[in-house]
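Open the model in your viewer and keep the selection tool at hand. The tour goes from one selection to the next.

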Amino acid sequence: YFNETKITYRQLDQEVDSLAGGLLELGLRRQQRVSLLLGNNPDFIRSHFAITRAGGTAVPLNPMFKGEEIKYILNDAEAVFLITPVSFLPLIETVWGQVPTLRRVIVIGGETDGDVVSYEDLLARPSGPVEVKTADSDIAACLYTSGTTGKPKGALLTHGNLVFDTLATIKHVEVLPTDNHLCVLPLFHSF
């Protein structure tokens with residue numbers, strides 16, 4: 001549930017396939033990095049799962065970052081795509097030319113125009129199941145530290161790390177299929 005919207009797991013799975021297929025059609029290759037500059041909403045969840053389903057690595061960014069902070073992480077991560085709301089596009093355009101690896105910006109609420117691609121166009125495309133082979137040792141996410149002792153550093157989490165964390169949490173918290181949980185922490189953070 002998000003506000004008044006109910007999203008079924010089947011719907012989420014189909015949307016993730018559509019986005020993953022779109023990322024692959026745009027040229028995403030295995031283990032390439034895709035940054036997310038998004039708040040806590042279903043688009044973050046769809047995008048994160050689509051990136052990993054397509055074999056890429058998700059690089060979440062704090063939506064409160066300024067241009068220089070975004071530029072630093074995009075360059076350090078060598079991000080090839082960025083997914084963000086159209087409202088952040090003017091900010092991204094100020095640094096885009098200084099990020100040589102960034103090929104496309106996928107905008108939520110915007111239109112496709114050259115290297116700017118509409119998120120909704122990717123989401124609306126029909127897709128069968130996307131099945132890209134990944135290994136437990138493949139990097140699923142690159143989470144940047146706060147940089148308290150210098151520049152932020154990317155902490156690499158593998159698919160195996162995330163599956164282990166999930167299974168350990170289910171066991172420790174005793175999660176049941178009938179449980180509901182409220183997400184209050186920022187999704188870009190390493191919780």
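The model you are looking at is predicted. The space in this second largest pocket comes to about 350 Å³.

Next, colour strand E2 (57–61), helix H3 (67–77), strand E6 (139–144) and strand E7 (154–158), each of which supplies at least two residues of the lining of that pocket. Which element gives the most to the lining? It is H3, with three residues.

Now move to the nonpolar interior. In soluble globular proteins, nonpolar side chains tend to be buried together. Select Leu23, Leu28, Leu36, Ile51, Phe81, Ile83 and Ile106, the residues with the most contacts inside the largest nonpolar core, which has 26 residues. At least two residues of this core come from each of helix H1 (9–25), strand E1 (33–37), helix H2 (42–53), strand E3 (81–85), strand E4 (104–108) and helix H5 (119–124). H1 supplies the largest share of this core, five residues.

Stay on Leu36 and show its surroundings. Leaving aside residues up to four places away in sequence, Leu36 touches Phe44, Ser47, His48, Ile51, Ala58, Val59, Pro60, Leu61, Leu82 and Ile83. Another core, of 19 residues, lies apart from the largest one; select Ala77, Ala79, Trp96 and Tyr144, which are among its members.

For the last stop, select Lys151 and Tyr72. The charged end of Lys151 sits over the ring of Tyr72, 5.1 Å from the ring's centre.

Conventions
Residues numbered from 1 in each chain as written. Predicted model: local features only at pLDDT ≥ 70, side-chain atom pairs only at ≥ 80, totals over all residues. Heavy atoms only, no water. Lys NZ or Arg CZ within 6 Å of the ring centre and 35° of its normal. Core = buried A, V, L, I, M, F, W, Y, C linked by side-chain atoms within 4.5 Å. Buried < 20%, exposed > 50% of the residue type's maximum accessible area, 1.4 Å probe, protein only. Helix = DSSP H or I, 4+ residues; strand = E, 2+ residues; numbered from the N terminus. Contact = heavy atoms within 4.5 Å. 1 Å grid on protein atoms, 1.4 Å probe; cavity = no way out; pocket = protein on both sides within 12 Å on 5 of 7 lines; lining within 4 Å. Points joined across faces, edges and corners; volume = space filled by probe spheres on them.
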